[in-house]
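This report sets out the architecture of one protein for a reader who has its coordinates at hand. Please view the structure alongside the text.

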Amino acid sequence: MIRSSVDEDLLSICTCAACDQDPELAGAIRRAVGSGAESVEEALGDLAGPVLAGRRAATRRMLDAVADAAGGARLTVHAGLDRWGTGSFTTFGPGPLPVDALILSDPAAGALDAEAVAALASGSGAAVGAYVQAMPPQDPDGLAERWQALARAGITEFVIYHGGLLSAAAAAALAAVRG
Ligand SMILES: [Zn+2]
């Protein structure tokens, strides 16, 4: 069965005891999956706000625990922009966050303008960086322009996949963005 992205977001919501969500939630998710709802908010109705707040509280507890364990070490985490996003670029609640840098995926970072990057940096209290692909199918000749556009938008850190196989064009793009 092909599921929609809303279904995927719904199915990513954890209802385990540790996540301490509303006992009605699992049933609401079961009813909503496959319903054709256009958003998670539409699918969950009145439960959406509390579920989001619960998820943000859980990710914040995790970040706080990591920050405690890290002591004074610099802390950089992958982050996303989709409020219901999960996975390796998951989304954290509004800041301030106990991290030094948030690294967005390349497409997410590319969709941001300078105002949005500045708002994210000031809201989180963290530098905003981007995880960028330098490998095919990226066109190596387009990398310099793309990365400089990200830098102009306020992206201050670049995590490049992957440095060991940079082409000469990608290395030149890197040199250009480092200015
Ligand atoms: Zn859970």
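## Overall architecture

The structure is a predicted model. Its fold contains eight helices and four strands. In sequence order these elements follow the pattern α-α-α-α-β-β-α-α-β-α-β-α.

The C-alpha trace extends over about 55 × 45 × 30 Å along its principal axes. The protein has 179 residues, and 25% of them count as buried. When contacts between residues at least 6 apart in sequence are considered, 71% of them join residues at least 24 apart.

## Nonpolar cores

The largest nonpolar core comprises 25 residues, and L102, L104, V128, A130 and W147 have the most contacts inside it. Two or more residues of this core come from each of β2 (101-105), α6 (114-124), β3, α7 and α8. A second, separate core consists of twelve residues, among them V6, I13, A43 and W84. As a general matter, nonpolar side chains in soluble globular proteins tend to be buried together.

A130 belongs to the group with the most contacts inside the largest core. Once neighbours within four places in sequence are set aside, A130 is in contact with I103, L104, D106, A109, L150, I155 and F158.

## The pairing of α7 and α8

Two packed helices are described by the angle between their axes and the distance between the axes. For α7 and α8, the axes come within 8 Å of one another and cross at roughly 20 degrees. This angle is under 35 degrees, so α7 counts as roughly parallel to α8. The crossing of α7 past α8 is right-handed.

Which residues bring α7 and α8 together? On the α7 side they are P140, D141, L143, A144, W147, Q148 and A151, while α8 supplies A169, A170, A172, A173, A176 and V177. By residue class, the contact is made up of eleven nonpolar residues, one polar and one charged.

## Buried loop residues

Is I13 buried or exposed? I13 is located in the loop between α1 (5-11) and α2 (25-32). The cut-off for a buried residue is 20 or more C-beta neighbours within 10 Å; I13 counts as buried because it has 21 such neighbours. Apart from residues up to four places away in sequence, I13 touches I29 and V51. Between I13 and D64, which are 51 residues apart along the chain, the C-alpha separation is 21 Å.

A134 occupies the loop between β3 and α7. A134 has 22 C-beta neighbours inside 10 Å and therefore counts as buried. With residues up to four places away in sequence left out, A134 touches L143, I160, Y161, L166 and A170. Of these partners, L143 is one of the α7 residues that meet α8, and A170 is one of the α8 residues that meet α7. A134 and I160 are 26 residues apart in sequence, and their C-alpha atoms are 6.6 Å apart in space.

## Exposed helix residues

S5 is part of helix α1. S5 has 11 C-beta neighbours inside 10 Å and therefore counts as exposed, since the limit for that class is 12 or fewer. Its C-alpha atom is separated by 10 Å from that of W84, a residue 79 positions away along the chain.

A65 lies in helix α4 (residues 48-70). Because 11 C-beta neighbours fall inside 10 Å, A65 also counts as exposed. A separation of 9.7 Å is found between the C-alpha atoms of A65 and P98, which are 33 residues apart along the chain.

## Cis peptide bonds

Most peptide bonds are trans. Where does the model depart from this arrangement? The peptide bond from P136 to P137 is cis, with omega near 10 degrees. P137 sits in the loop between β3 (127-133) and α7 (140-152), the loop that also holds A134.

A cis bond also links Y161 to H162, with omega about -15 degrees. H162 is placed in the loop between β4 (157-161) and α8 (168-178).

Definitions and conventions. Residues numbered from 1 in each chain as written. Predicted model: local features only at pLDDT ≥ 70, side-chain atom pairs only at ≥ 80, totals over all residues. Contact = placed C-beta atoms within 7 Å. Core = buried A, V, L, I, M, F, W, Y, C linked by C-beta atoms within 7 Å. Axes fitted to C-alpha atoms, helices over the stretch in contact; angles between N-to-C directions. Parallel < 35°, antiparallel > 145°, perpendicular 65-115°, else oblique. Left-handed = near helix turned anticlockwise from the far one by under 90°. Nonpolar A, V, L, I, M, F, W, Y, C, P; charged D, E, K, R; others polar.
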